[in-house]
Amino acid sequence: MNLVPTHGFEADQTYQPADYKSDIKPVWCPGCGDHAVLLAFQRAMAELALPPEKVAVVSGIGCSSRIPAYTNTYGFHGVHGRSLALATGLKIARPDLTVIVASGDGDGFSIGGNHFLHACRRNVDLTYIVMDNRIYGMTKGQPSPTTEPDWDTAIAPGGSGVSPFHPMLIALASGANFIGRTSSANVAHCGRMIVEAVRTPGFSFLQILSPCVTFRPDQREGWKGIFRDHPQPETDDPSLAARYLMDDDGFNIGILYRATRGCYAPAPHRDLDPALLEKEFEA
Ligand SMILES: Cc1ncc(C[n+]2csc(CCOP(=O)(O)OP(=O)(O)O)c2C)c(N)n1
Ligand code: SF4
Ligand SMILES: [Mg+2]
């Protein structure tokens, strides 16, 4: 078991946020929180001085999952809900890469919910950022696993009536090594949290509250000035973190929990001959 990051930080070069920017212009709606998350991500990569060719951004499907196209690193825009499965395979095959997984609350907590549990449990050295707007944005506003039960919309009149799930509590119960929350409203904080998440070995889960201004116009005003630091300082005690999370209203930001559980990092099959594998598929 490995207790140090499985990727290097021995920077011999400095980078600017623009070095991580692709030449594709984001198609997100003006005012969408994801623009700020992208900026925070680029700043975080520059601060970590990670060569772009040593970073891979893997995503599923959704507005938030468009991020790999906008970054000048390796990227994989996968299928809905399967980003963690793809990223786990990639990290195990290429431990030298820093693998960042980008998702949305629908992609990551609904169809990808099962993968979330087991990625936390396996504790592979991945950073999982979930842009949570409490809605399925790309498919025009259906309630997601984090939508408030009384959020009244034409698609769910009177609200869904279903209790939202608590991603941080689930990450804690499932064994994630790093658990934090930030907001796209504070780019500096968001960037700092991404840096900390990447630096922490093992599976890091970062919930990023990022408004959907189109299908959740209530978040434009409702989320203004609502974020404050966790009253609980960072801890490595899971029972303390769990007790705290039971009363958390969802708007406290910062690092809540950081543990030192060894991450899953099997020795790569360096001697595997791709030609032999290919033969196996032909048979
Ligand atoms: C297997 C599969 N089921 C459903 C869809 C339709 N679909 C595309 S994006 C999406 C929801 C995305 O919501 P979220 O992950 O919260 O991302 P957001 O757009 O809000 O950023 C759904 C249900 C799909 N593309 N593939
Ligand atoms: S629909 Fe919502 S989540 Fe998607 S780009 Fe527009 S504001 Fe962002
Ligand atoms: Mg969403």
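**Close-up 1. The surroundings of ligand 2 in this predicted model.** Start with the residues around ligand 2: Trp28, Cys29, Cys32, Cys63, Asn133, Cys212, Val213, Thr214 and Phe215. Sorted by class, this shell holds seven nonpolar and two polar residues, and no charged ones.

**Close-up 2. Backbone polar atoms facing the oxygen atoms of ligand 1.** Which distances separate ligand 1 oxygen atoms from polar backbone atoms of Gly106, Asp107 and Ile135? For Asp107, the distance from a polar backbone atom to an oxygen atom of ligand 1 is 2.6 Å. A polar backbone atom of Gly106 lies 2.8 Å from an oxygen atom of the ligand, and for Ile135 the value is 3.1 Å.

**Close-up 3. Helix α1 packing with helix α7.** Helix α1 spans residues 34-48 and helix α7 spans residues 187-199. Their axes are 8 Å apart and meet at an angle of about 50°, so the two helices are oblique to each other. The crossing of α1 past α7 is right-handed.

**Close-up 4. Side by side: the residues joining α1 and α7.** From α1, the contact takes in Ala36, Leu39, Ala40, Phe41, Arg43, Ala44, Met45, Glu47 and Leu48. From α7 come Val187, Cys190, Gly191, Ile194, Val195, Val198 and Arg199. Together, the residues of this contact comprise twelve nonpolar, one polar and three charged.

How values were computed:
Residues numbered from 1 in each chain as written. Chains lettered and ligands numbered in written order. Predicted model: local features only at pLDDT ≥ 70, side-chain atom pairs only at ≥ 80, totals over all residues. Heavy atoms only, no water. Near = heavy atom within 4 Å. Nonpolar A, V, L, I, M, F, W, Y, C, P; charged D, E, K, R; others polar. Axes fitted to C-alpha atoms, helices over the stretch in contact; angles between N-to-C directions. Helix = DSSP H or I, 4+ residues; strand = E, 2+ residues; numbered from the N terminus. Parallel < 35°, antiparallel > 145°, perpendicular 65-115°, else oblique. Left-handed = near helix turned anticlockwise from the far one by under 90°. Contact = heavy atoms within 4.5 Å. Polar contact = N/O pair within 3.5 Å; in protein donor to acceptor, adjacent residues only side chain to side chain.
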